[in-house]
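Work through the exercises below with the structure open. Try each task before you read its solution.

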Amino acid sequence: MSTAPATPSVPVASGATVVQITDLHKSFGPREVLKGIDLAVAQGEVVCIIGPSGSGKSTLLRCVNLLEQPTAGTIRLLGTEVTDPDVDIDRVRTHVGMVFQQFNLFPHRTVLANCTLAQQKVLGRSKDEAEKVAMRNLELVGLADRARSVPSQLSGGQQQRVAIARSLSMDPALMLFDEPTSALDPELVGDVLAVMKDLADAGMTMLVVTHEMAFAREVADRVVFMDDGMIVEQGPPEQVIGAPLQERTREFLRRVLDPTHLRPQGDPAGEHVEP
Amino acid sequence: MSADLLDARAHGGRARMSPRRRARVVRGVQYAVLVLIVVAVAVATDWARVGNAFFNPAAARAIVGDLPRAALNTIVYTLAAFGVGLGLGLVLALMKLSSVRAYRIIATGYVEFFRGIPALLVVFAFGYGVPAAFQIRFDSIVLQIALALGIVSAAYIAETLRAGIQAVPKGQVEAARSLGMTSGQTLLHVVVPQAFRIVLPPLTNEVVLLTKDTSLVFALGLFQNQYELTKVGRNALTGVEGGMTSLLAVGLVYLLITIPMSGLTRWLEKTTGSKGHV
């Protein structure tokens, strides 16, 4: 089934640029977290952002839908410059889904109501229509039978899949994932990644911050490696993960793929043991 | 050898009693002291006199007719004051959370001022000060009381509501906003319903305090049909029978009002809790 129909008000041509980030800077007080990011994501593209913690990955993602206000630079979303103060950011956000590390489901509402609330209040859909869309998306993530449950009755993995269904119910043109599996027990990660893979296969444009290298390698069209607020390297996963050009990328991947550092290193320059 | 050492430590030294044995003896002594005091009080008390003072049937009969009306007045004054306090308190709480600094300063000043002065002072102000200063007369005693007590309780309620709103995790707001909801919609549909559950217990506490604070209006000149419980109890003190009976009776009626409120909170918490409602 083909997902991600862009709402009529925002026509997105195939291959068109969905996100265009130009020279983006973000500071928290005196600390500069993003030091000039240039990144474009095309329609239907899946871009995975990897990098050490504190490298600015999440901040970059949160800038895209303006949960963080950029300090300088521009972001064009579906042709609209969202950094322009005259733009109604609430309207732009309806086209951008976001999935958080901590799920952030509304605990006082049922799974179904989580998926219908914004449809009714923001898109003005009728209750019937909203529920139909919600059920279709809950089916997509394999949780249609839990529609009447409340979030606290679900496992972390199920909650995250509901969060994905909630975002999809707004018919977004772009989905942002902020470390969607980092808060999950290891055995629950697979279900969430499987849903994300289905979504990617269905043609959804996705920007994913993740530590799941296997997922990035398999699903991403492009992998972006960030360190210290800058993009160090980007390209197809075979290159960035398989045969990185930059030493910083190599060092990061060594640590991620062999966290204990017990395996003897081939490259003596990379002999770096965490205290 | 180590076993010998352990043995010597466990039983040796000057302490002849083990800690557990000693704790038991101490507990026994505490019970003995309590029993002695109870017996001494029971023997020393003039029970006939106590019975006459606290449970005087004549005094009880004299007051019982006034109690329903007084209890009703107490409840009406409480609810009216709570209405004012909740409305004003919500405005103040939102002001305290406002991004406009001037609003935050005004709200903080208000809260500090009315939390810091005795409520009785405000009751006097609305009873005598405001009417004299501005040449106005309050036609309704309920309105007068609601304003006086509501203005004070708004300061406490504002702090309670602010804490409740801030206790809702930031991720909830971010999730709602990223779905395209406006800040107003987010507040109304996501933050307030969750904050409501958090503030329910402290808010009930506020109503209980307010119920008791209605006693302060005895300082105003009230007509007889406007008397609340404390005024009735106080007037009975100077009656022919006097004694503690009237105060005890009035106290019991206060308890009949305040204790069910805790039950109501528990019930509300349960019904707004696990069930998700649309």
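Helices (H or I, at least four residues) and strands (E, at least two) are DSSP runs, numbered from the N terminus. This is a predicted model, in which local features need pLDDT of at least 70, side-chain atom pairs count only at pLDDT 80 or more, and totals for chains, interfaces and linings use all residues. Residues are numbered from 1 along each chain as its sequence is written, chains are lettered from A and ligands numbered from 1 in the order in which they are written, and side-chain values use heavy atoms, with hydrogens and water left out.

**Exercise 1. Is B:Ala80 buried, exposed or partly exposed?**

Step 1. Locate the residue. B:Ala80 belongs to helix α5 (residues 67–96) of chain B.

Step 2. Apply the cut-offs. The relative accessible area of B:Ala80 is 23%, so this residue is partly exposed.

Step 3. Check its contacts. Not counting residues up to four places away in sequence, B:Ala80 touches B:Val142 and B:Ala146.

**Exercise 2. Trace the pairing of β3 in chain A.**

Step 1. Recall the rule. Two strands pair if DSSP finds at least two bridges between them.

Step 2. Take β8. Strand β3 of chain A pairs with β8 (residues 206–209) in the parallel sense, over four bridges. Here A:Cys48 stands opposite A:Val208.

Step 3. Take β9. β3(A) also pairs with β9 (residues 222–227) in the parallel sense, over four bridges. A:Ile49 stands opposite A:Val224.

Step 4. Check the cover. Five of the five residues of β3(A) (46–50) are buried. A:Val46, A:Cys48 and A:Ile50 lie on one side, A:Val47 and A:Ile49 on the other.

**Exercise 3. Describe the hairpin of β1 and β2 in chain A.**

Step 1. Count the bridges. Nine join β1 (residues 17–28) to β2 (residues 31–42), and the strands run antiparallel.

Step 2. Find a partner pair. A:Phe28 bridges to A:Arg31.

Step 3. Inspect the turn. Two residues lie between the strands, and A:Gly29 takes a positive phi near 60°.

**Exercise 4. Characterise the interface of chain B and chain A.**

Step 1. Count residues. 21 residues of chain B are in contact with 25 residues of chain A.

Step 2. Give the area. Buried area is the accessible area (1.4 Å probe) that two parts lose on being put together, summed over both. Here it is about 2000 Å², with carbon and sulfur atoms giving 60%.

Step 3. Find the salt bridges (a side-chain nitrogen of Lys or Arg within 4 Å of a carboxyl oxygen of Asp or Glu). The rule finds two across the interface. B:Arg177 forms one with A:Asp90, the closest N and O atoms being 3.0 Å apart.

Note on methods: Buried < 20%, exposed > 50% of the residue type's maximum accessible area, 1.4 Å probe, protein only. Contact = heavy atoms within 4.5 Å.
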